[in-house]
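Hi there,

I am passing a structure on to you, and I hope you enjoy looking through it.

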Amino acid sequence: MSTDPHMSGLTGTVLHDVVVPARAPWLHHVKAGQTLRIVDLEGNQAVDFLLYSAADDAERYSAQDTVAAQGNLFLREGTKLLSNEGNALMTIAATSVDYHDTIGGACSCESNTLRYGHHTKSEHACVENFLEANLLEGRGKRDIVSNINFFMNVPVEPDGSLGIVDGISAPGLTVDLRAEMDVIVVVSNCPQVNNPCNGFNPTPVRMIVTA
Amino acid sequence: MTEALADPLSNPLAARDHARAQGGTVVESMPVLPPVADDLPAGVSPDDHVWEETIAAGGYATRRLTRGSRLRLIDVKGDAAASILIFNADMPTERLNVADTVKVQWNAYLGEGKLLLSDMGRVMMSIVSDDAGTHDTFCGTSNPATNLAKYGEGRNSGAFPSGRDRFLLGAAKHGLGRRDVHPCVTLFKGARIEADGTITPEVGPFAPGRTVILRAEMDVIVVIANVPHVLDPRADYTVTPLRASAWRGPVTGEDDPVRLATPEGLRAFENVEDYFRR
């Protein structure tokens, strides 16, 4: 019996357990039936997240199909993460944060020049992480699509404004994802330092896979 | 039917005659070649008119447009839905990025003055005119699975083709494939977001003739699917023809009000101008 609070509620055997450093990418193959727990170790860390079918990586996470299927923008417990072909890749089996964002996308060197100014071009960004990890397996820029931002809160105001609000995460909060098919998980532990989404302070996250 | 077709197997030229007899037929949804229209905006020369096509209900179309071109879309009968993919024509790995489009402009509702941004920090197209106001950046389009569930059939070759399948065909005609069909925006059909995240589709039907004009800020390939909104609550596959006209126009100038409207947008124009400084 583990006394590790980050393991609370997890069953089965731990197959993989790593701490992803602040700003770093992470890629892992998760088999159908396995559960991936993401632990926000220090709180308010945005975990940018892409998913591909391991059998056919042209089938991948679709934010638009996912929100359309559930008629709601927020990803909550029970949300099926759908592919561009309408199949469930993973399900949010449990989450200690009410909901997660999937409309805000990932920061990139290029979009940072628009949001903050050209002085930010040389800063590290999530799309760099997505590319670095995906290139190892032959995927490239064509494979980057709208992603999930776990632990991020991006409400849409009545006039369409994207709300800028306090994060809703806290140290030690978790999200558990059950793989519904064999999937490839690609994560960018967001290096963003120009945005309150992670308190201007990127921090590590922990990835635990059980079965 | 011609007399020859009454006994087609005895006349080897009957098929040719029958085929040729169809030339010149005019139907509601078709391209007009060369492009002709009597309602181009004042000041637009017919010589600059490059595309005139009415896209069928359930149909799709694709076109390469040069920088400065205007693309006018008209919801002819009030129930069209223009789901759009955009690629940089010279480097199709650069494409519309819906997340950056809403995030960088701090707003997810499209309308006049809004920019459609690429994943390379550049503006691909800008909305220079819009009298519709109901557009959707959230829901994407239908796929074969959603149409199968809703209409009992979702195949591209069937009666209820999906937006994703339409996009795949349109993209394929530029040598692009499944990896290139990216998140889209849909014009003319809206999606309002409630405080708890609930999506309320706004599908009309609306007054006929609503019009959006887009300006190409780089050389682009557009792929347009005209299929029912994925959250259209109506049981029937409900969609009406969409008219597309395009004409050549001047590249956006330094004093353009859309270019200057916001600091983020101005930098998107500076980035695209830098790209063409070659």
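Where in chain B is B:Trp106 found? Look in the loop between α2 (98-104) and β5 (115-117) of chain B. Please keep in mind that this is a predicted model.

B:Trp106 has a phi near 60 degrees, which is positive although the residue is not glycine. B:Trp106 counts as partly exposed because its relative accessibility is 33%, between the limits of 20% and 50%. Another non-glycine residue with a positive phi is B:Phe188, at about 85 degrees. You will find B:Phe188 in the loop between β7 (185-187) and β8 (190-193) of chain B. B:Phe188 has a relative accessible area of 0%, so it is buried.

Chain B also has some cis peptide bonds to look at. One runs from B:Leu33 to B:Pro34, with omega near -10 degrees, and B:Pro34 sits in the loop between α1 (14-21) and β1 (49-55) of chain B. Another joins B:Gly204 and B:Pro205, with omega about 10 degrees; B:Pro205 belongs to the loop between β9 (199-202) and β10 (210-216) of chain B.

Now to the cavities: there are 4 of 30 Å³ or more. Two or more lining residues come from each of α1 (63-70) of chain A and α4 (163-172) of chain B, with α1(A) giving the most, 3 residues. By type, the lining of this second largest cavity has 7 nonpolar, 9 polar and 3 charged residues.

Best wishes

Methods: Residues numbered from 1 in each chain as written. Chains lettered and ligands numbered in written order. Predicted model: local features only at pLDDT ≥ 70, side-chain atom pairs only at ≥ 80, totals over all residues. Heavy atoms only, no water. 1 Å grid on protein atoms, 1.4 Å probe; cavity = no way out; pocket = protein on both sides within 12 Å on 5 of 7 lines; lining within 4 Å. Points joined across faces, edges and corners; volume = space filled by probe spheres on them. Helix = DSSP H or I, 4+ residues; strand = E, 2+ residues; numbered from the N terminus. Nonpolar A, V, L, I, M, F, W, Y, C, P; charged D, E, K, R; others polar. Buried < 20%, exposed > 50% of the residue type's maximum accessible area, 1.4 Å probe, protein only.
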